[in-house]
Amino acid sequence: MKRKILLFNYFISKCLEREKVLLKTDDFKTLMLGLITAKASIFHRTASGCSTETVYILRSKFLQELFVFVCLDAIEHGDNLLEPFGFLKTHAFSHLHWDKGDFEDIELTTYLERVYSEVSKLTREEKAMYTKIINSLPKECKSPYHGNVRIKRVTLEKLTVSSKDKYTEMIDRAFERLSRRENFVGMFSLSGKYDLYGISIPYNRYIQKLDVLLEKKTV
């Protein structure tokens, strides 16, 4: 397994520690699903007026966006956590903007798509996992088990992580700093991952400083 994947897994393991506090479970796959499952109130503008719709979002790329946010904090404190990775400027699509700048490592995107595979039907055990994550499901909300939501299955049984080195220490330092900030801790909550336009909160944070990230990658 590539070194950067092992490092990214180390980052995921740090996220799992935070998720464990929220979900109060030690089940690995439930925690992994919890990291990417979100509940959001999405704003709609129509000819007759405006409204919001409560939806569930399951995007594996959220974890990479969260990692970039952590990398930005590391950079701002003198740690070039980006160095082992292959992040490049790319383009992101949203329902409001056809062309938005992004910062992405394609290999990490592909890796996450393998870790979280799309499925059409959940097992009984997987349904129990989602019920644990979502708690009670209001009748007016669409079920995460069917419909237009792309439900995910965790394909890993455990994480293989990097051994301790200078980059894992950078991740530890960034997590220690960020864990004292409410806006970072909130990104792990079910309703704190996306804004009214369906755009992730960590993306909104780092895209404003894309020039800093790009400059550091060219050093």
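Where does Thr 25 lie? Thr 25 sits in the loop between H1 and H2. Helices are DSSP runs of H or I with at least four residues, numbered from the N terminus. The model is predicted, so local features need pLDDT of at least 70 and side-chain atom pairs count only at pLDDT 80 or more, while totals for chains, interfaces and linings use all residues. Residues are numbered from 1 along each chain as its sequence is written, and side-chain values use heavy atoms, with hydrogens and water left out.

Thr 25 is buried, with a relative accessible area of 18%. Buried means under 20% relative accessible area, exposed over 50%, and partly exposed in between (1.4 Å probe, protein chains only). A polar atom of the Thr 25 side chain lies 3.1 Å from the backbone nitrogen of Asp 27. Not counting residues up to four places away in sequence, Thr 25 touches Lys 20, Thr 30, Leu 31 and Lys 132; contact means heavy atoms within 4.5 Å. Lys 24 is in the loop between H1 and helix H2 (28-36). Lys 24 counts as exposed, at 67% relative accessibility. Its phi is positive, about 55°, although Lys 24 is not a glycine.

Lys 14 belongs to helix H1. Lys 14 counts as buried, at 16% relative accessibility. Its side chain makes a polar contact with the side chain of Asp 172 (3.2 Å). Such a contact is a pair of N or O atoms within 3.5 Å; within protein, one must be able to donate a hydrogen and the other to accept it, and residues adjacent in sequence count only if both atoms are side-chain atoms.

The largest nonpolar core has 68 residues. A nonpolar core is a set of buried Ala, Val, Leu, Ile, Met, Phe, Trp, Tyr and Cys residues joined through side-chain atoms within 4.5 Å. Phe 8, Phe 11, Leu 35 and Leu 63 touch the most other members. Helix H3 (residues 61-76) gives the largest share of this core, eleven residues. Leaving aside neighbours within four places in sequence, Leu 63 is in contact with residues including Phe 8, Phe 11, Leu 35 and Tyr 116. In soluble globular proteins, nonpolar side chains tend to be buried together.

Terms used: Helix = DSSP H or I, 4+ residues; strand = E, 2+ residues; numbered from the N terminus.
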